Protein chains: 2
Amino acid sequence: MQTIPRKEYEERIKKFQRNIREAGLDAVLVHSNESDFANVRYLTEYWPTFESAGVFVPAKGAPVLIIGPESEAYAQGRSVIPRIAKMVEYRESAEPDYPGIPVAHFPDVVRTALRGRPLKKLGLAGFSIMPLPVYFSLQLELPGVELIKADDTLTRLRTIKSANEIKLMKKAYKISELAIDAILGEIKPGMTELQVIGIAQREIYKHGGEYEGHALYCFYGPGTKHAISRPTHNTIKRNEIIQLNIGARVGGYSSSVGLPCSIGKLPARKKRLVEFGLEAHIKTAELMRAGKPAAEVVREYEAFVQRRSFKQFMLYGPCHGIGMMEVERPWLESTSTYALQENMTFQVDTFFQDKDFGLRWENGVRVTKTGVEKLSRKFMHLVEL
Amino acid sequence: MQTIPRKEYEERIKKFQRNIREAGLDAVLVHSNESDFANVRYLTEYWPTFESAGVFVPAKGAPVLIIGPESEAYAQGRSVIPRIAKMVEYRESAEPDYPGIPVAHFPDVVRTALRGRPLKKLGLAGFSIMPLPVYFSLQLELPGVELIKADDTLTRLRTIKSANEIKLMKKAYKISELAIDAILGEIKPGMTELQVIGIAQREIYKHGGEYEGHALYCFYGPGTKHAISRPTHNTIKRNEIIQLNIGARVGGYSSSVGLPCSIGKLPARKKRLVEFGLEAHIKTAELMRAGKPAAEVVREYEAFVQRRSFKQFMLYGPCHGIGMMEVERPWLESTSTYALQENMTFQVDTFFQDKDFGLRWENGVRVTKTGVEKLSRKFMHLVEL
């Protein structure tokens, strides 16, 4: 099973601890759940499921993985850090009591991790998904400890990818391409959107994926207008847009390849926006290179769309970070205040919508000194079957 | 697409509002996310994905669905309640800024829902997954409003299933059985655990499922010891336990069918625990009927396991609620304080673990006046292929 070597996990912890010290914190508590699994997995390889998970990382010394009452055997077999505590705050949302299963409390975890060193300032990473029971227990059980949002201490590590991470991402993109190949070979009028998803799922697992990289998209006709949606039992017909966004995950790293396609020819009005979308998609990648301010890419992209008179069809864009999560920090927005760096990885996500349809071209890129390396380039053309 | 009729959603809101008033609350704010989607979907049919979602339900009057900045077209097409507000607190965990997309704040939502009536006590449902940004905005934007954990106002509705809900659950169980049929027809030594999951996924979508009902399990050999885990690229061999837990979801309702099986004969020691597990599984269903205290079922189950000298292999059990979530309230535990009621639905979840393997029999039941109706009974025998 392809994954990140143990040594790289140890280096991640060391770098994270350096960031914790630089931020003037005594420790950081990291949070993840089943669908937002990345922060905890980045540090431990442990992927929480059903229950949530945390990692308590002291500024110096050994971190502690925190799991729910049911996950002990799973965590022992999977976590690269050996200290593991079970806490009721990380149980399933159905809130079982688990009579007879002994659990730890935050002071136990703090004692294990800090070994008598003081805890005055505790950073919180994964703040946007940290649930209330964890926070209220921190307040109750660690009185006087200052709790501070500290996502940046961790996410700025995750933003720059290592060679091992890039390798896993490339494999994930390759599997996404294979799944799309299979779909284009089997798709027929009368099939439901969800049947198409079934083809993708079969291929993802067959070729070595561990899971879908995101909720997979196959939308037909008017359903393509939605920036976010779920596939339905609607059946696919000829001469209409079919939107595919298919992503595999490999060793914790996600991918997505997106293309509009059709069975038979598309009507001219729709084809025009699809083709402009592809132009804008290719243009975005041309605007990117290490050192360039993220906001400048966005301004140039928006000026390009404006100049070509397609601004009214733009909802947002043109890129978001990709890595463990299919959508992760940082986004490219007009409000962004950072510059692109080598080995940042972005999903070029080119979405346009008209009143009755939409389309989305998606492929990944790795930022290089002089431009970008494309993580997938197989489906950068309009497929009319 | 099979789903719950609109009229039933309206009845749910009315019953929920009665509970809100009885609890002395002015409104309840309900929370859901992508993997823990049930509370919001129960009230609106809207299933959040990528972004999270809330429903602000006043004690009287019209509720408001709250979504993230990207989900408007999707929510308009899906929500059975027409008032929809976009809020930045419900955005993706990558925390994009979305410049140019106008968003609402809690006072706007309160004004729309309460129309000038006072808000003094606000209940919170989905408390165990409510994230900090939502809570801190409530505190900041609604000063003086008392925030009170109020899951019970909603979950006691969800606990008793309607005829429509039972129908969707039965269809989901049927699809799970079809997926297991396909697996048993195709599984071979040398296949990976994840390839088996690919077969299940293909069948779930082919037969009308909307998604997996839970993270699907195929574990081989020592991996079967884990109460919670994820399938791997380990290959399956003959004469060893293969644990399958396969669940489809239909119209928002989840299922799971679980059985240990093998290719070739199982060694006698393992077969003995597998067979006792099945006995305990069947016994559990025999102990259940409307009116019986939940804790009494657990005591009788545990006494049965003890009497037969298998207590050392028991981690927990014997049942948890099932419905929209594959695991939902209530659990059957020795600490439970409620009695079983007609049309409660439970997953009989019989898990035993020895030092080097484990096994789990799982099937659903609906509680009736005199006992239970089984939602799946096809795989209640040891399959040695």
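When I say that residues are in contact, I mean that they have heavy atoms within 4.5 Å of each other. With that in mind, 100% of the interface residues of chain B are also interface residues in chain A, so the copies meet through the same surface.

Before I go on, a word on the source: this is a predicted model, in which local features need pLDDT of at least 70 and side-chain atom pairs count only at pLDDT 80 or more, while totals for chains, interfaces and linings use all residues. Residues are numbered from 1 along each chain as its sequence is written, chains are lettered from A and ligands numbered from 1 in the order in which they are written, and side-chain values use heavy atoms, with hydrogens and water left out.

Now the symmetry. Superposing by least squares on the C-alpha atoms of residues with pLDDT of at least 70 in both copies, chain B is brought onto chain A by a rotation of 180° with 0.0 Å of shift along its axis, at an RMSD of 0.0 Å. The two copies are thus related as by a two-fold rotation axis, and the residue of chain B that comes closest to that axis is B:Pro131, whose C-alpha lies at 2.2 Å.

Six strands form an open sheet in the order β4-β3-β2-β1-β5-β6, with mixed pairing. At the edges stand β4 (84–86) and β6 (146–149), each with a single partner strand, so one side of each is left without a neighbour in the sheet. Strand β5 (residues 121–125) runs parallel to β6(B) and is joined to it by four bridges, and B:Lys121 stands opposite B:Glu146 in β6(B).

What lies across β1 and β2 of chain B? That is helix α1 (residues 6–22), which runs at about 65° to β2(B), where axes are lines fitted to C-alpha atoms, for helices over the stretch in contact, and angles run from 0 to 180 degrees between N-to-C directions. Helix α6 (residues 151–158) of chain B also packs on the sheet, touching β1, β5 and β6, and its direction makes about 45° with that of β5(B).

Finally, in chain A, the axes of α1 and α6 come within 9 Å and cross at roughly 140°. Among the residues that meet there are A:Phe16 in α1(A) and A:Leu154 in α6(A).

Technical notes. Helix = DSSP H or I, 4+ residues; strand = E, 2+ residues; numbered from the N terminus. Pairing = 2+ DSSP bridges.
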